[in-house]
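Have the structure open as you read.

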Amino acid sequence: MPDLGPIILVIEDEPQMRRFLRSALEGHGYRVVEVGTAREGLAQAAGRNPDVILLDLGLPDGDGIDVTRRLREWAATPIVVLSARGLEQDKVRALDAGADDYLTKPFGIGELLARIRVALRHAAAPPGELADPVFTQGELTVDLARRQVLVGDSEVHLTPTEYKLLTLLVRHAGKIITQRQALKEVWSPNYANQTHYLRVYMAQLRHKLERDPARPRLLLTEPGVGYRLKTD
């Protein structure tokens, strides 16, 4: 195990997957702690204070969603779920339980590394704040301090609701925001089931911010779950 680098706790019952993750992550400078059960995972999370947790949902002695809930009782460590369960209700349950991100197996190591980098950036920032108040991705620039949105060199004028929705996505860039979460934070808890509001405003944002709104490259849909603002 390398002496330096963030600690990644892998809670995964398949030995082959653990070996794959260890090799890939250590090759990129991370320290890896791996366990195969929910009980060991909770113990290592408490004892090792990892920087990111990679969590499988199908563990031999418990469900990963229950592990997520238990971790969230006392820990703010970023949790990235890695699971073969691809149904939207599984993703929603995991994210609502407190997971920060969700990758469906099989996945590319490049995408996993990108999600880990996002998780580490969010963990390093003060709660509710970005480490850098200026977000840039491709042609899009969002200056939260100045409340300014640019596409290339052109300023884009957003309505107050459009701007509030965009800043929610920026603050959680790279992470999946569930429909319920977006509706509660942008509108109010009374709107938690009004998904048509969200579809309308996401369409408006795409028309203003994407080169091709029908094929968005920044404001991505996670089908049946929510939305994600792409990061490198």
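Let's start with a helix and the strands it sits on: helix H6 (residues 160-171) lies across E8, E9 and strand E10 (148-151). H6 runs at about 100 degrees to E9. Keep in mind that this is a predicted model.

- E8, E9 and E10 belong to an open sheet of 4 strands, in the order E8-E9-E10-E11, and the pairing is antiparallel.
- Which strands are at the edges? They are strand E8 (134-137) and strand E11 (154-155), and each of these pairs on one side only.
- In general, strands of a sheet pair through backbone hydrogen bonds, either parallel or antiparallel.
- Zoom in on E8 and you'll find 4 bridges joining it to strand E9 (residues 140-143), with the two running antiparallel.
- If you want to spot a pair yourself, look for Phe135, whose bridge partner in E9 is Val142.

**A pair of packed helices**
- Two packed helices are described by the angle between their axes and the distance between the axes.
- For helix H2 (residues 38-48) and helix H3 (residues 64-72), the angle is about 20 degrees and the axes are 11 Å apart.
- Angles under 35 degrees count as roughly parallel, so H2 is roughly parallel to H3.
- Their crossing is right-handed.

**Where H2 and H3 touch**
- Which residues of H2 meet H3? Ala38, Leu42 and Ala45 do, and on the H3 side they meet Val67, Arg70 and Leu71.

Notes:
Residues numbered from 1 in each chain as written. Predicted model: local features only at pLDDT ≥ 70, side-chain atom pairs only at ≥ 80, totals over all residues. Heavy atoms only, no water. Pairing = 2+ DSSP bridges. Contact = heavy atoms within 4.5 Å. Axes fitted to C-alpha atoms, helices over the stretch in contact; angles between N-to-C directions. Parallel < 35°, antiparallel > 145°, perpendicular 65-115°, else oblique. Left-handed = near helix turned anticlockwise from the far one by under 90°.
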